[in-house]
Amino acid sequence: GPSRSRCGGAAGGMGLEPEPLFQAWSYFRRRKFRQCADLCSQLLERPPSEQVVGAGAGGGGGGGLAAWSLKTRALTEMVYVDEIDMDQEGIAEIMLDENAIAQVARPGTSLKLPGTSQGGGPSPAVRPVTQSGRPITGFVRPSTQSGRPSTMEQAIRTPRTALTARPITSASGRYGRLGTASMITNPDGPFINLSRLNLAKYAQKPKLAKALFEYIFHHENDVKNALDLAALATEHAQFKDWWWKVQIGKCYYRLGLYREAEKQFKSSLKQQDMVDTILYLAKVYLRLDQPVTALNLFKQGLDRFPGEVSLICGIARIYEEMNNISSAAEYYKDVLKQDNTHVEAIACIGSNHFYSDQPELALRFYRRLLQMGVYNCQLFNNLGLCCFYAQQYDMTLSSFERALFLAENEEETADVWYNLGHVAVGIGDLNLAYQCFRLTLVNNNDYAEAYNNLAVLEMRKGHIEQARALLQTASSLAPHMYEPHFNFAILSEKVGDLQRSYTAAQKSAEAFPGHVDTQELIKQLKQHFAML
């Protein structure tokens, strides 16, 4: 009897402290990667004689191997970003792109020449366009931010999305420079010295090789070494492992070898049909500017994976980028049939309704986002605009107040003040409008729309010179907008400067060919010139 109770006591004392490797694995499962990595480091610092604990887990090499593998995975997870969604083209990639298939693509087959709204989308008079001539989307994605500038000068002045003074380069966005991630997560020097690794040895241990590859690719951002390891590992697997083919494809994509990447992804799809691989392959086609091929790929994928949200969403995005708004809206609705909490689809359908002059419907979609727990400046900004255009004036100002309160940076604040300026113009309070547009420029000095609207207010006051200066600033900041060009043309014509008026009108017609007033003005000016 007594011996049993004594034994129980001892076990109780011991059992409270979990085995360290198991504890580290538990941290990893609960996404506490910092604690997991620290615990693994302690395990690895022990002398080899003590590392027998959990020998089974390591498989041959004892617990040390298991701890090493777990630590590489924890460090990778700390900086891991899904490659499928993240895609920032730097200036160099856009301007020095040698992968264009057709120099003069047929309309509707290229992303670089956005066709005029084939899908009956709203005109630029209703829905503002980005630099590349596409309508502004309802959801910010890396590809919608930078657009496709047509000249180098424009590329250098693209919107600074990373909130740095530099325009987007693929280095500035998210690929930390070689090895900087390791300094953040490991202040006392890198965990694995890549130059000393014998990659061939690791390639023969498939379980270790996969963890090591992800560590080199995501954490160290050393694509060349990662590619070497993947090539050796796929050879060791006798080219039968689809996972390695996808990884080689990812490396080739990062290195800009798109055709080689395409081969790897296709070969991987033959062995194992995966949604992710289809998405990677579509990314390759989009970078090669072949949206129609990507669309066909997605549609074939939907035959094999019916109702797969990421594929339907991919189709919708491509239609949206090609300016085919009505098809995009249809596919976004399909997305919502499968997943009714898909933020991107709700936001895009909402913005589409708003620009199609249906603010009440847009309001329902944005309210749905609010119910789902999206709580940010952009959402309240949109709610404020919808309320204003749906004539629910009581809610408008409180929404904008909330948006100002939630704004995280000056660009967001500027957007809210600009919209408040619009509301002020709508209710006829021009002094308030003037103040709001001024505040917009205080927060963001490159806000072309605000310069344009201030110029209109100055014209009403009869300050011709100020208006001209503001319009020139606006048109140099945003050559893709037709309003500043058109306003400048009208103003110049009024003061009798017909030559400048004609030049500006031409630019306006280039930016928005369907603008009737511009055509009228050009016609009048041509008559004047004929009389001279």
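Analyst: Two residues are in contact when heavy atoms of theirs lie within 4.5 Å. The model is a predicted one: local features need pLDDT of at least 70 and side-chain atom pairs count only at pLDDT 80 or more, while totals for chains, interfaces and linings use all residues. Residues are numbered from 1 along each chain as its sequence is written, and side-chain values use heavy atoms, with hydrogens and water left out.

Helices are DSSP runs of H or I with at least four residues, strands are runs of E with at least two, and both are numbered from the N terminus. By that count the chain has 29 helices and zero strands.

Just after α12, Gln238 takes a positive phi of about 55 degrees.

Next comes the question of which residues of α12 are buried. A residue is buried under 20% relative accessible area, exposed over 50%, and partly exposed in between, using a 1.4 Å probe and protein chains only. In α12 the buried residues are Val223, Ala226, Leu227, Leu229, Ala230, Ala233 and Thr234. Seen down the axis of α12, these buried residues fall within an arc of 165 degrees, so they line one face of the helix. The arc is that of the directions from the helix axis to the C-beta atoms. On the face turned away from the buried side, α12 carries the exposed residues Lys224 and Glu235. For the chain as a whole, 46% of the 532 residues count as buried.

What does the buried side of α12 pack against? Its buried residues pack against α10 (199–203), α11 (206–219) and α13 (242–254). Leu229 shows this in detail. Leaving aside neighbours within four places in sequence, Leu229 is in contact with Leu199, Tyr202, Ala203, Ala209, Leu212, Phe213 and Ile216.

A nonpolar core is a set of buried Ala, Val, Leu, Ile, Met, Phe, Trp, Tyr and Cys residues joined through side-chain atoms within 4.5 Å. The largest such core has 102 residues, and Leu229 is one of those with the most contacts inside it, along with Cys36, Ile192, Leu212, Phe213, Phe298 and Tyr332. Apart from this core lies another, of 27 residues, among them Phe488, Ala509, Leu521 and Leu525.

Ser268 is found in helix α14 (residues 258–271) and is buried, with a relative accessible area of 0%. Beyond its neighbours within four places in sequence, Ser268 is in contact with Trp242, Lys245, Val246 and Thr277. Tyr332, named above as a residue of the largest core, is touched by Ala316, which also touches Ala328 and Tyr331, not counting residues up to four places away in sequence. Ala316 is found in helix α17 (residues 309–321) and is likewise buried, at 0% relative accessible area. Ala316 and Tyr331 are 15 residues apart in sequence and 5.2 Å apart in space, C-alpha to C-alpha. Over the whole chain, residues 24 or more positions apart account for 56% of the contacts with a separation of 6 or more.
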